Amino acid sequence: MQQPWRFVDTGAHDAASNMALDEALLVMHEASTAPPTLRVYGWCQPALSLGYAQHAQQEVDLAACHSQGVAVIRRPTGGRAVLHDQEVTYSVVMPIALADGPHTLTEHYRRIGMALAAALQALGLPVHLARPQIRAVPTHTPASPACFAALSRYELSLAGKKMVGSAQKRAQRALLQHGSIPLWMDRQRLFQCLQVPPEQRAALVQAAYTTMGAVNEVAAQPVAPATLHAALRQGFGATFGVELAEMPIAPEEWCMAQHLRTTKYATDAWNLDGAAAWRQRQRSMLSL
């Protein structure tokens, strides 16, 4: 067995706090001041998270999000839009240099995918790791800005439906991968929050019932968040050959997360204008 990893359930927080803590854990592990960590958490209000490079003004219906009480947040990771609501979110921060096997992006997606698969399989869901496939859809079907509309390499599939949406950020020595595991999914609400032509919305929602899955839509018995938490802890421990010990977030990690929340994840410059605009704002503030 390797050195123990930390397992922590931080409960439900607002969107900015969730993303800030994920980045803080990556920064602290990169600096060798925090252990590898598997964190599970929730959201105190529905939130639409965008990938690092998505264009909020072009892809999000901000008025619809506001009217429905949906927060808009930009992730530090790539990918497409995810509506976080009735779900379990996981984040794993770990060394890039694994004790065994190659240290490539593909290999990390594969190993983490295996851990996620082990968790869902333990709950009776016959998921498998998928490779990208070309779907046989009508040519008039519009491309979707939503993460769960398409499978990426080593993501989890059940009856052709994507069950977990994940994205990754890599530093020099450490990586962060976090993802959404829906317990239930409101497809209509998702596409109401996205900038799609009104005449195409019905087709996108209909297609979502064949491409997007949720745990409690397919499980034989309802799965509670705590049950999924325990399965994830066991799945990651078995896959990576580590013990996951319950340990709290350290005060200095909360402090860094609060700083990131205030200066980055709670700002329109980051969430709406994008990473480049936020960096320019930071440079301007430093030059004052």
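This is a short tour of the model, one selection at a time.

You are looking at a predicted model, where local features need pLDDT of at least 70, side-chain atom pairs count only at pLDDT 80 or more, and totals for chains, interfaces and linings use all residues. Residues are numbered from 1 along each chain as its sequence is written, and side-chain values use heavy atoms, leaving out hydrogens and water.

Start by colouring by pLDDT, the predictor's confidence in each residue from 0 to 100. The protein averages 91, and 91% of the residues score at least 70. Now select 134-142: here the pLDDT is below 50, and the stretch has seven contacts (heavy atoms within 4.5 Å) beyond near neighbours in sequence.

Next, show L120, L232 and F236. Of the 35 residues in the largest nonpolar core, these touch the most other members. Such a core is a set of buried Ala, Val, Leu, Ile, Met, Phe, Trp, Tyr and Cys residues joined through side-chain atoms within 4.5 Å; buried means under 20% relative accessible area, exposed over 50%, partly exposed in between (1.4 Å probe, protein chains only).

Finally, select helix α6, residues 198-211. Helices are DSSP runs (H or I, at least four residues), strands likewise (E, at least two), numbered from the N terminus. The buried residues of α6 are R201, L204, V205, A208 and T211. Look down the axis: they fall within an arc of 125° (directions from the axis to the C-beta atoms), so they line one face. Their cover includes β9 (161-162) and α5 (187-192). Turned away from that buried side are the exposed E199, A202 and Q206.

Notes. The expected span of a helix is 1.5 Å times one less than its number of residues.
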